[in-house]
Amino acid sequence: PWARGKPPPPGPDWRDLVIAKGWAYAILDPTSIQADTGEGLTQGIIGLVNRGKPRTLDDWGVLRAWAWGVSRAVDYFETDPTTDAQRVAVEGVSRYGKAALLAMAYEPRLAIGLIASSGEGGAKLFRRKRGEQLENLAASGEYHWMGGNFLRYAGPLTADDLPVDAHELIALVAPRPLFISVGNDEADAWIDSRGMFMATVAAGPVYRLLGAHDLGATTFPAPETLIASGDLAFRQHAGGHTAGPNWPDFLDFAARYLEPATR
């Protein structure tokens, strides 16, 4: 074990772990689809759709544009004879974790997702008063991630006025499997690991309604406790803002769905 407050020793690279299973991987650069800035909203795919004009309140944000880009990658995989497009997973960390969760919600062709440290605007409940808050998403460095109408909930409206919350975004993925990954709350408090666990639990009724299995737990687990008996999985590793320590557990979880059954 490592000393408190120090990063854990580096583990195997996720790419090596994927290759060791005989799987393939591709890396998508989200900023090649849409810049991660407010100034870029008249460019990229949002600017193309809007013919270079400023977006309106009803237009999409950068997170949705990145998720759209994931769908275009799946389009390509469907043309590639070396790729099984019915067994495509998506993974993202932090802001890209938010986009990966949106991609799972909007793209039914994705088979499974690893959503890591996604926090506010991802798998964290908006109404939880811990870690990053909705107002941060509306600030100068992040407002472009969200649609214009959403920004009203940073004032005069509040998160309590939202008609939806993050558990409903997770529920849109049902009945497909989803692994919610998070760093230790002490090392990564900004993303609120408990708030993401609560949202995962609250998505359970929709999973059950559609014939899948929910998380199978309602008590927030200790760090490094894997909960993966159902089609929703959760693990809080002992590191910080990374998916790294959870990759082995995610790959084992994913193998239940992506690898052919053996007799």
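A polar contact is a pair of N or O atoms within 3.5 Å, where one must be able to donate a hydrogen and the other to accept it. I wrote that down before opening the structure, which is a predicted model.

**Entry 1: K124**

I began with K124, in the loop between β2 and α5 (134-137). Is K124 buried or exposed? K124 is buried, because its relative accessible area is 0% and the cut-off for buried is under 20%. Next I looked for a partner for the side chain. One of its polar atoms lies 3.3 Å from the backbone oxygen of E132, so this pair falls within the 3.5 Å limit. I then listed what K124 touches, skipping residues up to four places away in sequence. Among them are G119, R130, E132, D165, I191 and M196.

**Entry 2: the whole protein**

I stepped back to see the overall layout. I found 9 helices and 4 strands, and from the N terminus on they run α-α-α-β-α-β-α-α-β-α-α-β-α. I checked the radius of gyration too: a compact globule of 263 residues would have one near 18 Å, and the protein has 18 Å, so the two agree. The C-alpha atoms fill a box of roughly 55 × 45 × 40 Å along the principal axes. I noted that 48% of the 263 residues count as buried. Of the contacts between residues at least 6 apart in sequence, 63% join residues at least 24 apart.

I picked helix α4, residues 95-106, and tested its length. At 1.5 Å a residue its 12 residues should span 16 Å, and the end C-alpha atoms are 17 Å apart, which agrees. How many of the residues of α4 are buried? I got 9 of 12, so I call the helix mostly covered. The buried ones include G97, L101, L102 and M104. I looked up what covers them, and found α3 (62-77), β1 (89-93), β2 (112-116), α6 (166-171) and β3 (178-182) among the elements.

I gave α3 the same length test. Its 16 residues should span 22 Å, and I read 23 Å between its end C-alpha atoms, which agrees. Buried residues in α3 include V62, W66, V70, V74 and F77. The buried residues of α3 pack against α2 (44-49), β1 and α4.

**Entry 3: R176**

I moved to the loop between α6 and β3, where R176 sits. R176 is buried yet has no salt bridge. Which side chain of opposite charge is nearest to R176? I found E107, 6.6 Å away; the limit for a salt bridge is 4 Å. The side chain of R176 does have a polar atom 2.9 Å from the backbone oxygen of L110. Beyond its neighbours within four places in sequence, R176 is in contact with residues including M104, E107, P108, Y207 and D231.

I finished with the backbone. Most residues other than glycine have a negative phi, and most peptide bonds are trans. I marked a cis peptide bond joining G155 and P156, with omega about 5 degrees; P156 is in the loop between α5 and α6. I marked another joining A174 and P175, again with omega about 5 degrees, and P175 is in the loop between α6 and β3.

S94 is not a glycine but has a positive phi of about 65 degrees. S94 lies in the loop between β1 and α4 and counts as partly exposed because its relative accessibility is 22%. E224, not a glycine either, also has a positive phi of about 65 degrees. I found E224 in the loop between α8 (204-209) and β4 (232-236), and at 45% relative accessibility E224 counts as partly exposed.

Technical notes. Residues numbered from 1 in each chain as written. Predicted model: local features only at pLDDT ≥ 70, side-chain atom pairs only at ≥ 80, totals over all residues. Heavy atoms only, no water. Helix = DSSP H or I, 4+ residues; strand = E, 2+ residues; numbered from the N terminus. Expected span 1.5 Å × (residues − 1). Buried < 20%, exposed > 50% of the residue type's maximum accessible area, 1.4 Å probe, protein only. Contact = heavy atoms within 4.5 Å. Lys, Arg positive; Asp, Glu negative; His and termini not counted. Rg over C-alpha atoms; globule rule 2.2 N^0.38 Å.
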